[in-house]
Amino acid sequence: GTVMLAKGASLSSLESAFGSADSVAGQSHTLQRLLTAQVDSLPHEMQTVLQTASAMGDALSSKALRDVHRQLDMKPEGSRLDECLRKLRGDRYLEFALDSKTYSFRSAMLRDVLYSNLPFEKRKRVHEATARGIVAEAARGDAKEAAFLSALKHYKTAENWGQVMLLAADAAEQALSCASWEEAVSVTTQASMLLRQHGGALAPLPP
């Protein structure tokens with residue numbers, strides 16, 4: 001049936017009504033519908049910001065989000081996007097970490113609901129744009145630790161196998177430098193499997 005929300009209902013009021021995530025196993029579907037309805041009640045620009053953020057990772061900067069919107073010619077952008085982020089923080093959809101200057105979802109379930117509602121092609125574009133931004137930062141020397149691993153995971157989720165192969169060596173080397181042996185083995189194993197499965201069917205790689 002139709003989900004009805006009280007006027008002025010907030011994300012925090014929904015969560016308090018259902019209790020903690022661990023206690024709502026039998027009511028999770030209803031909560032997901034309520035969260036979807038809550039997001040649908042927001043202005044379109046704020047919905048778009050939340051949807052984009054849901055595919056970008058656990059924590060993201062306003063700069064990274066602006067870059068993805070610029071790459072994909074999406075609105076809002078610039079100062080208007082920053083204003084949306086501030087409003088979403090004020091409405092407790094997002095949290096802001098002052099030390100890292102990054103935003104993250106206050107509710108993991110909200111992020112999951114938003115992400116699952118995104119059409120695959122839109123997810124793919126956001127993942128690829130996010131990965132391109134990460135690689136560009138690495139080229140400028142501004143990349144965070146494990147940047148290539150992060151970019152590789154975005155390309156893998158987007159099923160862009162050519163770019164996965166292109167980044168595999170750098171990602172494995174980065175994993176080793178972080179003493180993440182299992183991650184390094186996983187990356188090289190995935191690259192080997194892709195090569196065997198796709199071979200010449202992979203998209204041509206840039207020189």
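Q: What share of the contacts in the chain with a separation of 6 or more comes from residues 24 or more positions apart?
A: That share is 59%. Bear in mind that this is a predicted model.

Q: What secondary structure does the chain have, and in what order do the elements run?
A: There are ten helices and two strands. Starting at the N terminus, the order is α-α-α-α-α-β-β-α-α-α-α-α.

Q: How much of the chain counts as buried, and how much accessible surface does the chain have?
A: Of its 207 residues, 35% count as buried. The accessible surface comes to about 11700 Å², and carbon and sulfur atoms hold 53% of that.

Q: Why is threonine 52 called buried?
A: Buried means under 20% relative accessible area. Threonine 52 has a relative accessible area of 0%, so the label applies. This residue is found in helix α3.

Q: What does threonine 52 contact, leaving aside its neighbours within four places in sequence?
A: Its partners are Leu65, Val68, His69, Met74 and Val126. As for arginine 125, 73 residues away along the chain, its C-alpha atom is separated from that of threonine 52 by 9.9 Å.

Q: Which residues of helix α4 are buried?
A: In α4, which spans residues 62–71, they are Leu65, Val68 and His69.

Q: What covers the buried residues of α4?
A: The cover includes α3 (44–54), α5 (78–90) and α7 (120–140).

Q: What makes Leu50 and Leu88 stand out in the largest nonpolar core?
A: Among the 26 residues of that core, these two touch the most other members. At least two residues of this core come from each of α2 (28–40), α3, α4, α5, β2 (102–105), α6 (108–117) and α7. A second core, of nine residues, is separate, and Ala131, Ala147, Leu152 and Val164 are included in it.

Q: Which residues does leucine 88 touch, not counting those up to four places away in sequence?
A: Leucine 88 touches Leu42, Met46, Val49, Leu50, Tyr93 and Leu94.

Q: What makes the backbone phi of aspartate 73 worth a look?
A: Its phi is positive, about 55°, although aspartate 73 is not a glycine. You will find this residue in the loop between α4 and α5.

Q: Where does arginine 92 lie, and what is its phi?
A: Arginine 92 lies in the loop between α5 and β1 (94–97). Its phi is near 70°, again a positive value in a residue other than glycine.

Q: How do you know that the peptide bond from lysine 75 to proline 76 is cis?
A: Its omega is near 0°. Proline 76 lies in the loop between α4 and α5.

Terms used:
Residues are numbered from 1 along each chain as its sequence is written. This is a predicted model: local features need pLDDT of at least 70, side-chain atom pairs count only at pLDDT 80 or more; totals for chains, interfaces and linings use all residues. Side-chain values use heavy atoms; hydrogens and water are left out. Buried means under 20% relative accessible area, exposed over 50%, partly exposed in between (1.4 Å probe, protein chains only). Helices (H or I, at least four residues) and strands (E, at least two) are DSSP runs, numbered from the N terminus. Contact means heavy atoms within 4.5 Å. Accessible areas come from the Shrake-Rupley method with a 1.4 Å probe; for residues, only the protein chains shown count as cover. A nonpolar core is a set of buried Ala, Val, Leu, Ile, Met, Phe, Trp, Tyr and Cys residues joined through side-chain atoms within 4.5 Å.
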